[in-house]
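Subject: Structure for you to look at

Hello,

I am passing on the structure we talked about. Please open it and keep it in view while you read the notes below.

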Amino acid sequence: MRKRAWLWALVGIVLVGGVALGAEKFVVGCDIAWAPFEWVSPKGAYLGFDLDVMRMIAILEGYEIEIRDTAFDSIIPAVVAGKVDIGASGFTITAERAEVVDFSQAYWTSDQAVVVREGSGLNIVTALSGGAKVGAQRGTTGAGWVEDNLVGKGVNVTLVLYETYPEAVLDLLAGRLDAVVQDEAPSQQAVKEYAGQLVIAGIIKTYEEFGFLVAKGDPKRILPRINEGMAKLKASGAWDNLVAAYFGPSLDKIEAAWEACISILVEERDVVRYAQCLADRATQ
Amino acid sequence: MGQLLVVEGVCKRYGAEEVLCGVSFSLEKGETKVIIGPSGTGKSTLLRCINRLTEPDRGRVWLEGMEVTAPHANINKIRSQIGFVFQDFNLFTHLTALDNVRLGLLKVKKMGRKEATERAQAELARVGLAGKADAYPAQLSGGQQQRVSIARALAMDPKLILFDEPTSALDPELIGEVLGVMVKLAHEGMTMLVVTHEMGFARSVADEIVFMERGVIVEQGPPEKLFRAPAHPRTAEFLRKISELYGEAA
Amino acid sequence: MTVESWIQVWYALPVLLRGLLVNLELLLGLLALGLVVGMAVALVEVYAPRPVAAAAVAYEWFFRGVPELVLLFLFYFGPDQFGVQISAFTAAVLALGFRSSAYQSQIFRGAIQAIPAGQMLAARSLGMGRLRAIWHVVLPQALRLSLAGWSNEFSSVLKDTTLAYGIGVVEVMRQARYLTARNFRLALPAFIAVAFLFLILTYLGNWTIGLVERRLRIPGLEVRR
């Protein structure tokens, strides 16, 4: 236990306290409540696909990062105001957002999943018509899709908006909703958590792309380094291992793997071996 | 000048109402002067104008030849030399009797703590309240509170003390103990200016009586003259009324 | 709300308490700021010449009128416009502290005005300057009278500290949300746990203020109704 505390401290010093050493440091804004892209383990560690990608790129590109938990709606204002350098929180690249911030190359393509209660007998059509109550998280692609393609086109559904995804899922479980529309990965995670209670009725192919974002005009010249870092990760195979580790296994397994492997990243600063370790352990 | 206090032509107006108008008199050292008159004739306002708790509109006041009403007079220093005893005592509610007496010594006179405590205890003893040093005002009777407030004034070594109806707020049976202290002070040679309805006190202690009505001094003179043969009919009428209200003054 | 989920919340209690500690730090900061500024505003409102007092009234009007979350965002993002970087914690202390000062100033103003004018007159008649009279005579009494109202304000701002999570201060609400996001089943038990923590804190705080009130109690100096 003592050793572990020491390790946490080290994670903090290396990833957060870099500024003390005079190293270049960027603040990464993230709403850390959207597994498996970002969440907080029961022990208080910040982990997730977005955050590990940020950490690995930082090592490859030779800068330090500080991860700052920020409410999703506030991340872009914080980037615009200069309080946060990088937004990394599963942001879909949209023309609207691109007016105020600059995006990196896309790092993820996501579709929307329609989650229903198991045994409800609803399929992707019946779940989204005939007076169905459909839940979605405010400001997300899922909410926008329901608004534009169903409500806006006169389909008989009621859209109910939530501040967070878990709230929508809880209302679905309680029977107050018929379906919840959300990105595929978090939906898979929810269905896994509630095996036997929830099921995915179908996938809406929206092909939206996720990107990391920085202030308009990229005044600190961060984007080239993020893009270069991503290319390095993909070329080395680390990227595929990270995807295998984070998308599929249960959160418990990912957390155990992360705890076992993180020292490779923090102490040895070996990106490739870390991703390998994480994938091996998480998919065991 | 030779006079301790000189008041000259003091006027005070509240809105349209002229409360004081051209009031002049003087006070010698060691003298006790009593101001009498119907309620609401500006007696209290006059006292407050003397140490400028109320700012007079016109007129001047001197204390030992120093002008109190001068624009740049150090009013705090002057006030510390003029004791003021209020009708409703105004003891500091949050302080014990001892602390009430001691506060001015510590914070205005900058006296050391030990010396201030000794002095405050001596003053409490002087008004017969040595045993009540630790009592809070609410634990004291009205008469005791007023005696503490006199001790508070005395502790500052004032050149004179202004008494603003010091017994009017007291139950009848408590008036005597306060008057007793005041009589003692007068005999000790304290200079006092007293607004009161206590004609017995006025008659026996005052060197001079001032009768005021509607903001002006109607007449003034030694008590035996004023009580026996008032020069002005208004004075006579007031004295008659007051004896009906408070019993035969003697 | 299975037994299992309660066990998980129990194990997560240290995390929640760590968050609660941040709420307490916020609370101390904002109460201290609110006390100093609130007292100053109250004194200005009661004693200062009219134009200055009007400014204080306007200050109070602003901070009582603007919703807390808006204040938080103004203090968090506002300073950046002038090139000043401010942390979320500092922004929360300032926003909630100034807001509390507007409410505390009302409590203090009421208390100061409840002190009979004769107290001031008596102090001035001894030769005390105005400030000295306020400091030695008016304030010691007004502060005692304020304690009851202050106890209310304490309970109110204690709860307000949870709003700081809106600008990313990782306090107890944020920690509870982490738990919920990680495990949806914990939503209800986690927030019930948070509710209990706040009830306990409110009780302890008011008990302490009550103790102070009893210790400072002086016969004859009570809230006059």
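This is a predicted model: local features need pLDDT of at least 70, side-chain atom pairs count only at pLDDT 80 or more; totals for chains, interfaces and linings use all residues.

The model scores ipTM 0.91 and pTM 0.79. For chain C the mean pLDDT is 90, with 98% of its residues at 70 or more.

Contacts between chains

Two pairs of chains are in contact, and chains B and C share the most contacts. On that interface, 22 residues of chain B meet 20 residues of chain C. Two elements of chain B, helix H2 (75-79) and helix H3 (97-107), are the ones that give two or more residues to the side touching chain C. By class, this side of chain B holds 10 nonpolar, eight polar and four charged residues.

Chain C also touches chain A, through 18 residues from chain C and 24 residues from chain A. Which element gives the most to the side of chain C that touches chain A? Helix H8 (residues 172-182) of chain C does, with six residues. The side of chain C that touches chain A is made up of 10 nonpolar, four polar and four charged residues.

Chain A and chain B do not touch, and 50 Å separates their nearest C-alpha atoms.

Chain A

Chain A has 11 helices and 12 strands. Its C-alpha trace spans about 60 × 45 × 30 Å along the principal axes. The radius of gyration of chain A is 19 Å, which agrees with the value near 19 Å for a compact globule of 284 residues.

The chain is divided into two parts: domain 1 of chain A covers 2-107 + 211-282, and domain 2 of chain A covers 111-207. If you trace the chain, you will see that domain 1 is written as two segments, with domain 2 numbered between them. The C-alpha centres of these two domains of chain A lie 28 Å apart. Where domain 1 and domain 2 of chain A meet, 10 residues of domain 1 are in contact with eight residues of domain 2. The domain 1 side of this contact in chain A has seven nonpolar, two polar and one charged residues.

Some background first: strands of a sheet pair through backbone hydrogen bonds, in either a parallel or an antiparallel way.

One sheet of chain B is open, has four strands in the order E2-E1-E4-E5, and pairs in the antiparallel sense. Why is one side of strand E2 (17-27) and of strand E5 (66-67) of chain B left without a neighbour in the sheet? Both stand at the edges and each has a single partner strand, so there is no neighbour on one side. Strand E4 (residues 58-63) of chain B pairs with E5(B) over two bridges, in the antiparallel sense. Here Trp62(B) stands opposite Glu67(B) of E5(B).

Another open sheet of chain B has six strands in the order E6-E7-E8-E3-E9-E10, and its pairing is mixed. Strand E6 (82-85) and strand E10 (216-221) of chain B are at the edges with a single partner strand each, so one side of each has no neighbour in the sheet. From one strand to the next, the twist averages 15°. Within this sheet, strand E3 (residues 32-36) and strand E9 (residues 208-213) of chain B pair in the parallel sense over four bridges.

Regards

Key. Residues are numbered from 1 along each chain as its sequence is written. Chains are lettered from A and ligands numbered from 1 in the order in which they are written. Two residues are in contact if their C-beta atoms, placed from the backbone, lie within 7 Å. Ala, Val, Leu, Ile, Met, Phe, Trp, Tyr, Cys and Pro count as nonpolar, Asp, Glu, Lys and Arg as charged, and the others, Gly among them, as polar. Domain bounds come from an automatic or database domain assignment. Two strands pair if DSSP finds at least two bridges between them. pLDDT is the predictor's confidence in each residue, from 0 to 100. Axes are lines fitted to C-alpha atoms, for helices over the stretch in contact, and angles run from 0 to 180 degrees between N-to-C directions. The radius of gyration is taken over C-alpha atoms; the globule rule is 2.2 Å times the number of residues to the power 0.38.
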